[in-house]
Each structure stands twice: as structure tokens, then as C-alpha cells.
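Me: Hi! Could you walk me through this structure in plain words?

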Amino acid sequence: VLGLGRTVRIAKKPPTYSGGMEREPRNACSDLARRAADWLNDRDFVEREGETMVTSDFVRYDHRRVTPQPPVGPKEWVAGLFELEKLTGDWPVYELVEVLAVRGDRASATHWVLQFGEFAEMEFIAVESCDQQRERLVELHFYDPEDVDAAVAQLDRMHAETEGRDSSPPA
């Protein structure tokens with residue numbers, strides 16, 4: 001799947017889903033996703049404290065067609081980040097390209113690009129939700145860049161679930 005010595009383009013950039021807004025949508029969860037990009041680009045931080053980015057009941061789901069993976073919890077997710085490094089020989093550069101959509105304060109959809117040295121690049125949409133304190137990720141879903149409608153439907157489901165569980169501000 002990732003070819004050594006050549007760039008493998010997984011998919012094209014998704015269309016922006018921001019309801020025609022002039023400014024990028026923003027909420028506490030999209031702000032957390034931007035901080036997560038900084039954390040993920042610090043290999044030493046991920047090695048020392050990677051699991052602190054997510055809750056103990058965190059789950060990452062993968063709905064991509066090209067590189068699907070089974071759902072994983074916090075330890076497996078962090079271990080998977082290091083597997084990418086082993087596969088490509090380099091720690092990937094994580095770039096949050098844009099926030100596509102937000103719902104409430106605890107759910108967002110974001111467009112990401114991972115660059116693996118000179119070898120490969122991977123694009124995907126992440127749909128994330130954060131905890132009540134807006135400090136850690138609770139759930140993360142990966143979609144192919146062209147699956148904007150499916151990602152937004154997931155975003156709507158996650159928003160309904162978090163609003164149902166907690167409509168009050170953090171303590």
C-alpha cells in the first residue's frame with residue numbers, strides 16, 4: 001500500500017463542508033484537534049504521554065475503504081502510530097488542513113494529511129468527539145476524503161449522542 005521511493009496519493013482533497021461560511025467553523029473539539037496535531041508531531045511526547053490525549057474508554061473506528069482497520073482502544077491506537085513509523089522508516093508529519101464542520105461544542109469533522117517523509121502521503125477525514133472537560137478525545141472515526149456525506153452523518157450522530165448525555169457546560 002505505501003510504496004517506498006514513490007508518493008502514493010490515497011485520495012483527493014475533500015470538498016469543504018462548512019455551509020458556505022466565510023470563516024472556518026470552530027468549537028472546543030476542533031480546537032482540541034488542532035492541539036492534537038501539535039502533540040502528534042512530537043514523537044517524544046507521543047512515546048511518553050500519547051495515551052493522555054484520549055480518555056480511557058477512547059475508541060478509534062476506521063471506515064476507509066483503502067486502509068480499513070478494526071476499532072482500537074487507547075493503547076492500540078498509540079501503538080499503531082509507531083507501526084506507521086516502522087512501515088515508512090520515518091515519523092509522519094500530521095497536518096490538520098481544515099475544519100470541515102462542527103456540531104455543538106464537543107464534535108467536529110476535520111481534514112488531515114499525513115506525510116511520510118518523501119515516500120507517501122495519506123489524506124482522510126477525521127470525525128472526533130471530546131470529553132465533557134473538552135481536554136481529551138473520546139471517539140475518533142476515519143473516512144476517505146470523498147466520503148464527506150458519511151462523515152457529516154457520523155458527526156450528526158456523535159453530536160446527538162453527546163448532547164443526549166450532557167447538555168450542560170463542563171464543571
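**Salt bridges, sheet and helices**

Reply: Happy to! Arg65, Asp144, Glu146 and Asp147 are linked in a network of salt bridges, where a salt bridge is a side-chain nitrogen of Lys or Arg within 4 Å of a carboxyl oxygen of Asp or Glu. Before we go on, this is a predicted model, in which local features need pLDDT of at least 70 and side-chain atom pairs count only at pLDDT 80 or more, while totals for chains, interfaces and linings use all residues. Residues are numbered from 1 along each chain as its sequence is written, and side-chain values use heavy atoms, with hydrogens and water left out.

Me: Thanks. How many salt bridges does the structure hold?

Reply: The structure holds 14 salt bridges.

Me: Is Glu47 buried or exposed?

Reply: Glu47 is exposed, with a relative accessible area of 51%. Arg43 counts as partly exposed at 26%. The cut-offs are under 20% relative accessible area for buried, over 50% for exposed, and partly exposed in between, using a 1.4 Å probe and protein chains only.

Me: OK, switching to the sheet. What is the strand order?

Reply: It is an open sheet of 5 strands in the order E1-E5-E4-E3-E2, with mixed pairing; two strands pair if DSSP finds at least two bridges between them. E1 (54–62) and E2 stand at the edges with a single partner strand each, so one side of each has no neighbour in the sheet. The twist averages 25° from one strand to the next.

Me: How many bridges join E2 to E3?

Reply: There are 9 bridges joining E2 to E3, and the two run antiparallel. Val93 stands opposite Gln115 in E3, and Glu95 stands opposite Val113 in E3. The two strands form a hairpin with 3 residues between them, and Gly104 in the turn has a positive phi of about 55°.

Me: How many residues of E2 are buried?

Reply: E2 is mostly covered, with 8 of its 11 residues buried.

Me: Now the helices. Which strands does H1 touch when it packs on the sheet?

Reply: H1 touches E2, E3, E4 and E5, and its direction makes about 175° with that of E2. H3 packs on the sheet too, touching E1, E2, E3 and E5, and its direction makes about 55° with that of E1. Contact means heavy atoms within 4.5 Å; axes are lines fitted to C-alpha atoms, for helices over the stretch in contact, with angles from 0 to 180 degrees between N-to-C directions.

Me: Which residues of H1 are buried?

Reply: They are Ala28, Cys29, Ser30, Leu32, Ala33, Ala36, Ala37 and Leu40. Among the elements these residues pack against are helix H2 (43–49) and helix H3 (74–88).

How values were computed:
Helices (H or I, at least four residues) and strands (E, at least two) are DSSP runs, numbered from the N terminus.
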